[in-house]
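Take a moment to turn the model around on your screen. Then read on, one step at a time.

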Amino acid sequence: MLPLFKIGVLAFKHISKLIIKEVKKNAHQNKQFRKMVVSLGNYVAKLEFRWRTGKQAKFQVREDRAIENAAEILGEGILFGTFSLFIIYEYGYKKQVETEEKRVAGVLQQHAEEVQRQLVQYEINDLRSKVELLEAQATLERL
């Protein structure tokens with residue numbers, strides 16, 4: 001499972017890089033998209049500055065750097081979102097498997113109890129047959 005997971009991680013990182021590249025390309029070609037990406041990139045730069053210094057940022061980032069920031073955030077966001085969904089799916093799947101295992105264990109327990117009851121009933125019937133046979137032998141000996 002671990003090698004498949006590592007391959008999956010590498011594949012998603014590669015896809016993330018392709019998305020980053022595509023965001024950068026589209027930001028340069030589409031004016032509306034560039035405006036949105038630059039705004040996101042500036043927000044990210046200001047947020048990062050505030051986290052590091054604790055001060056409010058009063059600057060604008062160069063457009064190419066803002067596009068770079070936004071593309072990185074979008075790529076990482078897609079990667080994070082995908083892995084989050086995968087973890088949520090795995091959690092749900094494990095819960096479903098546990099529920100199914102409990103259900104199957106309950107059914108097996110019921111079957112085991114039924115077999116036990118049948119076994120006891122067979123033993124009782126066998127003992128009755130032996131008692132009847134002994135009684136019949138005793139009656140024959142008295143005759």
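What follows goes from the whole chain down to single residues.

Start with the overall plan. This is a predicted model. The protein has 3 helices and 0 strands. Read from the N terminus, its elements run α-α-α. Is the protein a compact globule, or is it more spread out? The radius of gyration decides. For 143 residues the globule rule gives 15 Å, but the protein has 36 Å, well over that value, so it is more spread out than a compact globule.

Along the principal axes, the C-alpha atoms fill roughly 120 × 30 × 25 Å.

Now look at helix α3, which covers residues 63–142.

Next comes the surface. The accessible surface of the protein is about 12100 Å². Carbon and sulfur atoms hold 62% of that area. Of the 143 residues, 13% are buried. Which residues of α3 are buried? They are A66, I67, N69, A70, A71, G75 and L79. An α-helix has 3.6 residues a turn, so residues three or four places apart point the same way.

Pick N69 from that list. N69 sits in α3. Why is N69 called buried? Its relative accessibility is 11%, and buried means under 20%. Leaving out residues up to four places away in sequence, N69 touches G41, V44 and A45.

Contacts can also be viewed over the whole protein.

Then find I19, in helix α1, which spans residues 2–29. I19 has 23% relative accessibility and therefore counts as partly exposed. From I19 to Q109 there are 90 residues in sequence. In space, the distance between their C-alpha atoms is 53 Å.

Finish with charge. The protein carries 24 positive and 18 negative charges. The mean positions of these two groups lie 21 Å apart.

Notes
Residues are numbered from 1 along each chain as its sequence is written. This is a predicted model: local features need pLDDT of at least 70, side-chain atom pairs count only at pLDDT 80 or more; totals for chains, interfaces and linings use all residues. Side-chain values use heavy atoms; hydrogens and water are left out. Helices (H or I, at least four residues) and strands (E, at least two) are DSSP runs, numbered from the N terminus. Buried means under 20% relative accessible area, exposed over 50%, partly exposed in between (1.4 Å probe, protein chains only). Contact means heavy atoms within 4.5 Å. The radius of gyration is taken over C-alpha atoms; the globule rule is 2.2 Å times the number of residues to the power 0.38. Accessible areas come from the Shrake-Rupley method with a 1.4 Å probe; for residues, only the protein chains shown count as cover. Lys and Arg count as positive and Asp and Glu as negative; His and the chain ends are not counted. The place of a charge is taken as NZ of Lys, CZ of Arg, CG of Asp or CD of Glu.
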